[in-house]
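Let's look at this structure together and ask where its labels come from. Each answer sets a value against a rule.

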Amino acid sequence: MNYESSITAEAADSVPTDLSGTAADKPRVSRPVVLIGIGVIGLLLAIAAYVVLTSDDGVAAGDDNAQAPVVTVVAPGKTTVEGVITAPGTLAARREMPVGVVGEGGRVVSVPVDAGDWVRQGQVLAVIDRSVQSQQAQAQAAQIGVAKADAQLAQANLDRALQLVERGFVSKADVDRLTATRDSANARVQVAEAQLRELRARAARLNIVAPAAGLLLERNVEPGQTVSGGTPSLFRIARGGEMEMLAQLSQEQIAVLGQGVAATVVPTGSNKSFSGQVWQVSPVIDPQNRQGIARVALAYAPELRPGGFATAEIKSGTVVATILPESSVLADSEGSYVYIVSDEKKAERRAIKTGMVTPDGIVVTEGLDGSEQIVLRADGFLTEGEAISPKMLEDS
């Protein structure tokens, strides 16, 4: 049995001092001191392990990105996009023909057509009372009869005079006078016939007829109404039933369009689309709104009603551009912008100009070359100059 372990401090004091060279001469270390030393060593080891572990992240003390938020970024690059211009506009007849009073006018007797009817060229649209003109024509026809009778009498007198000239009973001067009388009578017949034709033509003009075949768009006259040459147009006809859309485009969009470009038109309130093509591009730009008109030719369809609104998608060729997800594009009073990752790994605002919207995202026409790292979702929590920790979308 080890009896030394039971020696107390008092026993140690009673040991003679002259026992040099023995174990009793060496000072003993108490257990609490040993425990404290072990604890200090363990604490130092823990601190060293923490420093080693944290040094693996490669972030030095005091680095701004140590506590930076992690944001997902994308590098969109460049993509070939089928250019499509979306433009609003109004529907109209491609060749609208207003029809009004051609003659002197009068009281409308009948209107045998109505809006929405198809009419042929020369078809009567309205009939104006012609009772007075008919009487005038009859009177002129009687005048022709009188003139013809006078002409016949003058011819007979001339024939008799010519027979008497050979016998010397009629002078040459009398023959000349009778010849002139005969010629005058024939001329009066021709004048009377011309006047009759004029009256009949005037009477015929009282009928308002269609100048061309097409769809009757408007009827602005009713029986019993009095009309004249100064009356506004009574009918409007879409020649051939052809329609068009007047698409309003910006100056930049007008510059890339040409005749023959395919387009798709969707009337407002309808899910049906109609195919057409640009047949005319406005040669001028409105100085007030800096817009021009592209006229899209369309075939007749009941859903295409002149005066209605529609939206056109016009193909403008292929372009190479950057496409971004809609979540990346922000906008404020200064315009559209995105956040990109700067060389210092900070959020940097970049102004952009957006184009059309495709199923893959928004086309960026200006401001990016596609090589930037762009924040996928800023959502208003990010501020310019803020330190961030970017993470590519493919790694997320």
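Q: What makes K148 count as partly exposed?
A: K148 has 39% relative accessibility. Buried means under 20% relative accessible area, exposed means over 50%, and partly exposed is what lies in between (1.4 Å probe, protein chains only). So K148, at 39%, counts as partly exposed.

Q: What kind of model is this, and which pLDDT limits apply?
A: It's a predicted model, where local features need pLDDT of at least 70 and side-chain atom pairs count only at pLDDT 80 or more, while totals for chains, interfaces and linings use all residues. Residues are numbered from 1 along each chain as its sequence is written, and side-chain values use heavy atoms, with hydrogens and water left out.

Q: Why is the contact of K148 with E193 called a salt bridge?
A: The rule asks for a side-chain nitrogen of Lys or Arg within 4 Å of a carboxyl oxygen of Asp or Glu. For K148 and E193 the closest N and O atoms are 3.8 Å apart, so the pair meets the rule. It also links distant parts of the chain: K148 sits in helix 3 (residues 131-165) and E193 in helix 4 (residues 172-204), 45 residues apart. Those helices are DSSP runs (H or I, at least four residues), strands are runs of E (at least two), and both are numbered from the N terminus. E193 has a relative accessible area of 26%, so E193 is partly exposed too.

Q: How many salt bridges does this rule give?
A: The count comes to 13. Among them is D183 with R182, at 2.8 Å from N to O. D183 is partly exposed at 40%, whereas R182, at 17%, is buried.

Q: What separates E198 and R202 in helix 4?
A: They're four residues apart in helix 4, which means about one helical turn. Elsewhere, salt bridges that share partners join E96, E218 and R236 into one network.

Q: Why are W118 and Y300 called an edge-to-face pair?
A: Rings of Phe, Tyr and Trp (its six-membered ring) pair if their centres lie within 6.5 Å; planes under 30 degrees apart count as stacked, over 60 as edge-to-face and the rest as tilted. W118 and Y300 are 5.1 Å apart centre to centre, with 85° between the planes, so they pass as a pair and as edge-to-face. W118 lies in strand 5 (residues 118-119) and Y300 in the loop between strand 14 (291-298) and strand 15, 182 residues apart. W118 is partly exposed at 47%, and Y300 is partly exposed at 37%.

Q: What makes Y337 and Y339 an aromatic pair?
A: Their ring centres are 5.7 Å apart and their planes stand at 85°, so this pair is edge-to-face. Both residues are buried. The count of aromatic pairs comes to two.

Q: How do you know that R349 lies over the face of Y337?
A: The test wants NZ of Lys or CZ of Arg within 6 Å of the ring centre and within 35 degrees of the ring normal. R349 is 3.7 Å from the ring centre of Y337. R94 lies over the face of W279 at 4.4 Å.

Q: Why does G230 count as exposed?
A: G230 has 72% relative accessibility, so it counts as exposed. Its place is the loop between strand 9 (226-227) and strand 10 (235-239).

Q: What stands out about the phi of K345?
A: K345 has a positive phi of about 55° although it isn't a glycine. K345 sits in the loop between strand 17 (335-341) and strand 18 (347-351). At 43%, K345 is partly exposed.
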